[in-house]
Amino acid sequence: MRILVSWLREFVPIPVGSNDIGELADALTMCGFEVGSVEPRPAIAGEPTDAVLDLEITTNRPDCLGVLGIAREVGAIYGVDVRIPELTQASGSQALDPIAVTIEDPDLCPRYVGALSDVEVGPSPAWLVERLEAAEIRPINNVVDVTNYVMLELGHPMHAFDLDRLNGREIRVRRARTGESIRTLDGVRRPLEPEILIIADAEQPQAVAGVMGGGNSEVSTTTRTIVLEAAYFDPISIRRTSKRIGLTTDASYRFERGADIDAPVRAVARARQLLAAIGSTKSDSPIVDQFPKPAAPVIVQLRHHRIGHLLGQVIDETFVISILTRLGFAPRTEPGTAPPIWKVTVPTFRVDVSREEDLIEEVARHYGYDRLPPTFPALTLPASPAGPWRDRDQLVRRVLTGCGFSEAITYAFIERRTALAVHTDEQDIVTLKNPMSEKDTVLRPSLLPGLVDSLIHNRRRERQDIRLFEIGSRFRYSDGETPALALAMTGASIPQHWSGPERETDLFDLTGVLTQLCDGFGKEIILEPDTADHLVPGRTAKVQLKIGDRTTALGILGQLDPEFANAQGLTGSAAVFVAELDLQPLTTAAGHHLQATPVPRQPSITRDLSIEIDEALPAAQVRDTIRAPGGPTLVSVKEIDRYQGQGIAAGAVSLSIRLTFRAPDRTLTDAEAQSSTDEIVSALVLDHRAKLR
Amino acid sequence: MPFGHRHPLTLIREQVESIFGAMGFEILQGPQVEDDYHNFEALNMPPDHPARDMQDTFYLDQPMPGGGTLQSTRPATLLRTHTSGMQIRYMESHKPPVRIIAPGLVYRRDTPDLTHSPMFLQVEGLLVGSGITMGDLKGTLVTFLKTFFDAKTQVMFRPSFFPYTEPSAEVFIDCAFCEGGCAVCKQTGWLEILGCGMVHPAVFEAVGYDPEHYTGWAFGLGIDRVALLKHRVEDIRLFYDNDLRLLEQFPH
C-alpha cells in the first residue's frame, strides 16, 4: 500500500515535519505497519515536500488498505484527533430517478449501494492523477479515477457502470447461470458458473462481483450517466471466485480480507462529492441502499487484569481507553468493576477483532513491544528426554562421519522416472498435485536418487573420492512416511599416500561400513544375495538385522548399475556402491540392556586356515559352518585374506581364516585347539567341498 | 580415510536444540506429510482463510497414510508448511505445562532464489502453562539469541500478524554485516530472524485447553536463514547441492 504523506495529513495532523518523515515511518513500523521505503516527492508549488510511504499491510488489517485506516493508527501513535469530513448524501440536483437494485443472494452480497450520476467524462485534474500515480494506479478517466481515489482513501473498492449500456435501468446481484460468460475489463472472455456472484442488468452479467467489471458497460468518453456501485461481498465467495478465474485485483484483494460493511454509502457520497468538485457532474439520483439484514455491532469484553496477565506488564487504564478510542473502538466501563472490565464496541471496519486477545494486541502494539519487560518462565516440570530417534540419528552421524562420509540433505521431490527405477511398484509412488516443476513431480520412495544426484554434482566438479549419506523421510502409499538412511561411496578407499598403495572402493568397504554402523547399535547384520533393478546382479545383498534369534529386514546394498547411473547423468567409470536402510529397527537404544561379561583372564590360542571354496557361497553360511563344530571355546572367526587367480580353480576363491580359541575357566591346550580346528575343517570339507590348502 | 562432515544445517539445528534443551524444552519430531487439520485448521486457519496465501502449499494428488511413525487417523494430504502440526499433536495428547521444540523440514511453493527454497529446515517452539506472559516470550528468545549469536546481540520485537498467535511479533537482531545499513539488512541495520507470539485462544480451544486458565507462546525460526546469516553463505540453494567443497568447511 503506497500513500502520500500529504494525503494522510488531510485526515490527521502529524506532528512530524516534512524533513523527518523517517520518524513517522519508524513509528508506523514499530506498531505493525512495516514501511518498506520512504520516497521523497518534489514539492508542488506552495506545499511542503511530500513523500510516498510504501507500507506492508498484514492480511488481518484490510481497514489499513486505505489512507483513513493509516490515519487512525497515526492518530493513536501521536495522540492526535483524526478529522473525518462530514458528507452529505446529495451533492447535486437529485434530478435522476433512483436505479432499481435487487439482491438475489443476500448471503454473498449482504449490502449493495447504487446511485446514478450524470457525468462529463474526461481527464482528471493533476492533483488527482498525482495521488493515483503515487499509489501506482494508472489514471484512466475522471469517473474511474474517482472510484479508485475513494478506494485508496477509504479502503473500500467501488465500480462505475455506463447506465446506457445496461439492459433496463436495473441492477441484479445474483449467481451466474451455467453457460453465461463475461468479457472483463482486461479484455478476457471468462466463462462463469453458479459459484460466481455477478452484477447483472435485466439480462446479462455486467461485472464479476467484487473482482472486475465487464467491458460491455465500461465507462468511456461517450458515457453520459453512470451507476456508482459500493457494496459488501462475502469474503470467502470473493476469494473463491478470484482463485477460480485466476484474477486478483485491488478490489478482490480488499473484499477477500473483509471490507467495512458500513462504508458503502459513505463511499458513494464521497465519490459524488469528488465528481462534483472536479466539475464532472451536476445532477444525480437518490442513493439506493439495499441492506436487508443489518447486523448488531460486535461487543467484546476486555478485563484490565487480563492485559497484564497476557503481557506480563500492567498497563495504565487511561492509556488503554485512549488507544482503543483513537483506533475507533468504543470502550464502556462495566459499573462496579475494579480493576475495570470494559464492554468494547468494535467498529465495523475492524473485521479482525472478535476476542479479548485481539484488543490486548491493540494495546500492546501501541504501548510498544520493546517496553515489555523480558522475564524467564518458571520451570514447573522437568523436561522429557528427546525421543529415541534423536540418539539414533546422532549415532548414525557419528559412525558414518567416522567412516569418512559427509552428510547430505536432498529434496523430497524427485522425477517419477527415477522413483520408478528404484521402487518399481507404481501404485506406491506418491504424486504431488501441484509440483514446483514438471520434472520433480513425486515424493521420493527412496533416498538413493537424491544422493546419486549429489554424487553427480560433486563428480562434475572433479571430485572422484566421494562418500555421502543422508538421513531422511521416504514416502510410500503402502507404509506412509518412514525414516531411512542412504549411503553412497565411490573412488579411492585408501587415498593416495606415500605410506602405502592406493585402493579403489569395493563392495567390502560398504559391507564393512554397515557392519560398523550396526555394531554401533550393538547389533549384528546378516547379508543375503538379492537382486534389484538399479543394482549390479551378484553384487547386491539384502541387509538384515539379527535381533536375538530373529532377523529383521533392514534394507539393501550393492553396486549401482552403471546403466541406471548413466541414465541419472553420472559420468565416469568408477564403481559406485550404495545402501539404503530402514532406520526404524535401529531406533531402540544401543546397549540399554547389556550385561557385561567378565574380561577374560585366560590366554587364547589362534589357528589360521587356508581353504579353497566356491566363490558364490555367502560368507555368513561359511561362518555358520565354522561356528557349529567350533563349540563355546571358539571366540572369534576372522577372514584375513581372500585370493582368486593363479593356482585357484575358476569359480573358486581362496580364503584365509583366523580362528581364536579361549576357555573362560582354564588355559586351553594346543591339543584342544587343534582338535576343534580339525572338526571345523571336516565340516567345511563335508558341507562346502572345501579344499584345505 | 579422513572424517566426513555433518551438514551445516544439522550443526545449527543441534545447537538450537542444545540451547532449548538446557532451558527444559523437549525435542520432538513429526511427520512431513500432514493433514489439513493439523497444518491449518487447528491453527486458526479455516479453509478459504487469506492467511493461507502466506504459506503456499504443496498438495498430494491422493491422500496417503498420515502421522509418519506416529499413529494418526487422518490421512495426509499435503506437505507441511511449518512444524506447527507437531505442536497440535503434542497438545492433543498432553496436558499443560508444555515446553517443546519441533525441528524439521518444511515445504512451501516458493520460487527458488538466493533466500528461498521450496524445502527448508525450521524449528518451532511452544510453551504453555499457567501465568505464561509475553514477557516470558521475550526473555526466553533474547536469551536464546544472545547464546546462539553473541552476548552483545541486540534484539528487537515488532508487531506482526500470524493467524495462530495474538499478539504476534517479528523478532530482529542487529545486522552483523554492517554498522547502520547494507544490502543484507536492506539499509535498516536489522535482520528479521523469527516470528512468534502468544498462542491464539482458538488454537487452545482446538486441542481442548481452557484459554482462560492457560496462556502460552510459540515461535518459528528458519534454520536455513540462520545458517545463511551465521556462516555468511550467499545462497540457500547451496545447502541442498551437498557440494563437498562447502560441507568440508564445517566441523565434523
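A: The answer takes the helices, then the strands, then the chain contact.

This is a predicted model: local features need pLDDT of at least 70, side-chain atom pairs count only at pLDDT 80 or more, and totals for chains, interfaces and linings use all residues. Residues are numbered from 1 along each chain as its sequence is written, while chains are lettered from A and ligands numbered from 1 in the order in which they are written.

Helices (H or I, at least four residues) and strands (E, at least two) are DSSP runs, numbered from the N terminus. Start with helix 7 of chain A, residues 250-257. Six of its eight residues are buried, so helix 7 of chain A is largely enclosed by the rest of the structure. Buried means 20 or more other C-beta atoms within 10 Å of the residue's own; exposed means 12 or fewer, and partly exposed lies in between, with C-beta atoms placed from the backbone. The buried residues are A:Ala251, A:Ser252, A:Arg254, A:Phe255, A:Glu256 and A:Arg257. Their cover includes helix 6 (235-245) of chain A. Just after helix 7 of chain A, A:Gly258 has a positive phi of about 110°.

Helix 1 (residues 8-22) and helix 6 (residues 223-231) of chain B pack at about 100°, axes 10 Å apart. Axes are lines fitted to C-alpha atoms, for helices over the stretch in contact; angles run from 0 to 180 degrees between N-to-C directions. The two helices of chain B are therefore roughly perpendicular (65 to 115 degrees; under 35 is roughly parallel, over 145 roughly antiparallel, the rest oblique). B:Pro8, B:Leu9, B:Ile12 and B:Arg13 of helix 1 meet residues of helix 6 of chain B, among them B:Ile223, B:Val226 and B:His231.

Now the strands. Two strands pair if DSSP finds at least two bridges between them. An open, antiparallel sheet of three strands in chain A has the order 1-3-2. Its edges are strand 1 (2-4) and strand 2 (34-41) of chain A, each pairing on one side only. Three bridges join strand 1 to strand 3 (residues 50-56) of chain A.

A:Ile526 has A:Gln544 as its bridge partner.

Finally, 76 residues of chain A are in contact with 68 of chain B. Contact means C-beta atoms, placed from the backbone, within 7 Å.

Terms used: Contact = placed C-beta atoms within 7 Å.
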